[in-house]
Structure formats: C-alpha cells, structure tokens
Amino acid sequence: MSEIDETSLSCVKVCKSFGLGAQRLEVLKDVSFDINRGESAAITGSSGSGKSTLLHILGGLALPDSGDVFFKGKQFSTQSESERGNVRNEGLGFVYQFHHLLQEFTALENVAMPLLVRRLDPNKAMGKAEKMLGQVGLSARAGHVPAELSGGERQRVALARALVTEPSCLLADEPTGNLDRKIADAMLEIVFDLQSKMKISLVIVTHDQIISSRLDSCYRLVDGRLNS
Ligand SMILES: Nc1ncnc2c1ncn2[C@@H]1O[C@H](COP(=O)(O)OP(=O)(O)OP(=O)(O)O)[C@@H](O)[C@H]1O
Ligand SMILES: [Mg+2]
C-alpha cells in the first residue's frame, strides 16, 4: 500500500439515524468521503444537518449504522473501542464543538493529556504542552482550569490538545466559532503552518467562509447527503 493510501481517511456509504419508529431521524444517508495526506476539506451545512455526527464517525468516536470508515488502511468497525482509541491517539487530532476539556485539570494538563495517555515521560509531555500552549497564545493561562477560561480560550486549549501529538489528520468541529476575527486568523495560521510542515490533512466543520475558501475542497450536507 502506498504512503498516500496509508494515511488517508475515508468513509464509504455511511448511514446513521437516531431514534426509532415515527421518531426515527435519518441524519446521514450513504455518505462517502475521503481525504489524502496534506489535503484539506471544509464541511458545511445548516444547524442539525449532521456535521458533528459525520465528524464523530470519521474520528472513530461513534460508529455508523452501516458503511465503513478507514484510517491508515484500518477499518474502524472491525476494531474494539480501545483499539480505535489507540488509533485516534496516534494519528488523529479532534477538536470538539464544545471543547470537552477535563474540568479538574489545568489548561497545561489538558494539553499534555494525549501525550500522558501515550505514556510519554511526564516532563517531556509538559514541555511539549507548554510549547503548544504558547503557539495558541495562552502561556499566561497555563495554570487556569477550564472554568477560569473564556470560551475562546477554551477553544484554543482544545486546539492545542488536538495538535500536541502532531497528528496526521486534524478533525475540527467549528474550531473558531466563538473567536473574534483576529484570534480566529491566528489559530488558522497555526493550523495551516502545521499542515504545510507536517503534511497533515484537515477536515474542518465551519460556517466561516474565510476558512472554507482557504481549504482545497468544500462539501455541504443537505438532507443527509454530502454534496461537493
Ligand atoms: N445522540 C443523539 N440522539 C438523538 N438525536 C441526535 C443525537 N445526536 C444528534 N442528533 C440529531 O441529529 C441531527 C444532527 O446533529 P448534529 O449534531 O450532527 O448536527 P450539526 O450539523 O453538527 O448541527 P450544529 O451546526 O447545530 O452543530 C440533529 O437533528 C440532532 O438533534
Ligand atoms: Mg455540530
């Protein structure tokens, strides 16, 4: 298998619905998508169209009802939850729409967490986390727990946590949603800089046209289908 195939993320004919009977909501209908190393894609769509659902499935955080997801040549549906967790930790960075920072840990500890999970030496993990926190402009908030951070600061901590492992693919769910233009642009520069240095691929759910215009392709979810 070529290097490109090894590092690409794809899903094939993914269907996902919630609820039962008359309440059943078909959110994704036969969605296929792929991204190769170094490529970038925006996913747009109205509120409730299934963007977060799709991103979670691509990131192995949720399983589809049918269809498959492949990352680095591996099929998520054949892996156990802990195997998928390892694959995520090694190759995928995920920025959740609502941060999901650990409330009892400081910003620095939150950023270091994926490295500690990998059992990296704690001093090295903290050093890398400090550097990454500096890159998102938050060195001065390293000791704050999430409740002591603004919404935009939490979002930047979440980005730093997703990037600290130098993933080959970053999946970000409206990463600049609460940020003003200046900070959103600074965050984007970090992401694009890393993309060109590390050749990572980017899948970004966004309503921000300035972001989507800078990505290689732009998809829109409409009625459960992904249109380019
Ligand atoms: N666990 C769940 N149980 C039931 N319904 C769900 C669940 N998760 C999502 N949904 C429904 O699926 C639809 C798609 O949700 P999703 O979060 O993917 O939308 P979205 O496009 O990310 O929206 P937004 O732009 O508001 O973040 C919504 O109508 C939502 O109510
Ligand atoms: Mg969403």
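Here are some worked exercises on the predicted model above.

Before you start: this is a predicted model, so local features need pLDDT of at least 70 and side-chain atom pairs count only at pLDDT 80 or more, while totals for chains, interfaces and linings use all residues. Residues are numbered from 1 along each chain as its sequence is written, chains are lettered from A and ligands numbered from 1 in the order in which they are written, and side-chain values use heavy atoms, with hydrogens and water left out.

**Exercise 1. Work out which residues coordinate the magnesium ion (ligand 2), and where they sit.**

Step 1. Look for donors, meaning N, O and S atoms within 2.8 Å of the metal (3.2 Å for Na, K and Ca); water is not among the atoms, so sites may look incomplete. You'll find OG of S52 and OE1 of Q97, at 2.0 to 2.2 Å.

Step 2. S52 belongs to helix α2 (residues 51-58), and Q97 to the loop between β6 (92-95) and α4 (107-117), so the pair ties together parts that are 45 residues apart in sequence.

Step 3. Check accessibility: buried is under 20% relative accessible area, exposed over 50%, partly exposed in between (1.4 Å probe, protein chains only). S52 comes out partly exposed at 21%, and Q97 is partly exposed too, at 25%.

**Exercise 2. Describe the largest pocket and the second largest pocket.**

Step 1. Set up a 1 Å grid over the protein atoms alone: a cavity is a set of points where a 1.4 Å probe fits but cannot get out, a pocket is an open set with protein on both sides within 12 Å along at least five of seven lines, and lining residues have an atom within 4 Å of a point. Points are joined across faces, edges and corners, and a volume is the space filled by probe spheres set on the points.

Step 2. The largest pocket holds about 440 Å³. Its lining has 17 residues, with R88, N89, Y96, P114 and R161 the closest to the centre. At least two lining residues come from each of α3 (81-91), β6, α4 and α6 (151-163).

Step 3. The largest pocket's lining splits into nine nonpolar, six polar and two charged residues.

Step 4. Now the second largest pocket, at about 230 Å³. Helix α7 (181-198) gives the largest share of this lining, five residues. The tally here is six nonpolar, one polar and five charged.

**Exercise 3. Find the cavity of 30 Å³ or more and say what lines it.**

Step 1. The lining consists of L159, P175, T176, M187, L188, V191 and I204. Helix α7 contributes the most, three residues.

Step 2. Six of the lining residues are nonpolar and one is polar, with no charged ones.

**Exercise 4. Trace the open sheet of four strands.**

Step 1. Two strands pair if DSSP finds at least two bridges between them. That gives the order β2-β1-β4-β5, with antiparallel pairing. Strands β2 (25-35) and β5 (74-75) are at the edges, each with a single partner, so one side of each has no neighbour in the sheet.

Step 2. Count bridges. β1 and β2 share seven, and V14 is partnered with V31 in β2. Strand β4 (residues 66-71) is joined to β5 by two bridges, with F71 facing K74 as its bridge partner.

Step 3. Check the hairpin of β1 and β2: six residues lie between the strands, and G19 there has a positive phi near 80 degrees.

Conventions. Ala, Val, Leu, Ile, Met, Phe, Trp, Tyr, Cys and Pro count as nonpolar, Asp, Glu, Lys and Arg as charged, and the others, Gly among them, as polar.
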